[in-house]
Amino acid sequence: MKMRSALLILTLTLAGCGIGRVDAPPKVFDLGLDARPVPALPARDPIALTFQSAPGLSDTGMIWRVGDSAAPRSYATYRWAASPADLVRQRIVDRLSRQGPVLNDRVTLQTPQLQLSLAQFEQVFTEDGQSSQGRILLQAVLLNGRAVVDQKRILVTAPAPTQDAEGGVAALREATDQASDQLAQWLGATLAAPAQAARTR
């Protein structure tokens, strides 16, 4: 009974229940300035990036859920400045561009193509509502021509400093930056491997 009561209170609080009040305009957030240092990686040749996301990440709703619940919810009075798909894509492009050009389309069939899919981008609360984390899940596939060079699943979680929308934003920003760093490191190592193999022949 106590757990059900805690879950009900959490749901009403996060949903922005405002009976009898005039709804205020939603607060809008983005991922902030990208001021964090990135891993020191060697320069690389241009890559082409294609990006897609799960259907629920194509609008500006800020998604949260409790535990492993199959019922995601959105904050009523908070929104992203753009869809999570657009925000994460831009963050990744900004980070990967520090090692080499990131193109929308292949220049030639020999240009490596990175296919990214954003599967999760949400704030996940424990069942008692006492803590939460930002969670991002990326699926990456690297192609050379039509051949798959390698693929990687990147799941990153980061603790939220506060148990509300603003805490979720901070946690998702941290998780996105960590995921971008992991992607850059994997991409650098994967693209360097064929060149190293060619030099040793």
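This is a predicted model: local features need pLDDT of at least 70, side-chain atom pairs count only at pLDDT 80 or more; totals for chains, interfaces and linings use all residues.
Residues are numbered from 1 along each chain as its sequence is written, and side-chain values use heavy atoms, with hydrogens and water left out.

**The core.** Select M62, W80, L96, L114, F121, I136 and L183: of the 39 residues in the largest nonpolar core, these touch the most other members. Such a core is a set of buried Ala, Val, Leu, Ile, Met, Phe, Trp, Tyr and Cys residues joined through side-chain atoms within 4.5 Å. Buried means under 20% relative accessible area (1.4 Å probe, protein chains only).

Next, colour helix α3 (165-200), which gives the most to this core, with 9 residues. Helices are DSSP runs of H or I with at least four residues, strands runs of E with at least two, numbered from the N terminus.

**M62.** Now show what surrounds M62: leaving aside neighbours within four places in sequence, its contacts (heavy atoms within 4.5 Å) include F29, Y78, W80 and V169.

**D177.** Move to D177, in helix α3. D177 is buried, with a relative accessible area of 5%. Not counting residues up to four places away in sequence, D177 touches D34, R36, R91 and R95.

**T111.** Finish in the loop between β5 (102-103) and β6, where T111 is found. T111 is buried, at 9% relative accessible area. Beyond four places in sequence, T111 touches P46, I47, A48 and R106.

How values were computed: Buried means under 20% relative accessible area, exposed over 50%, partly exposed in between (1.4 Å probe, protein chains only).
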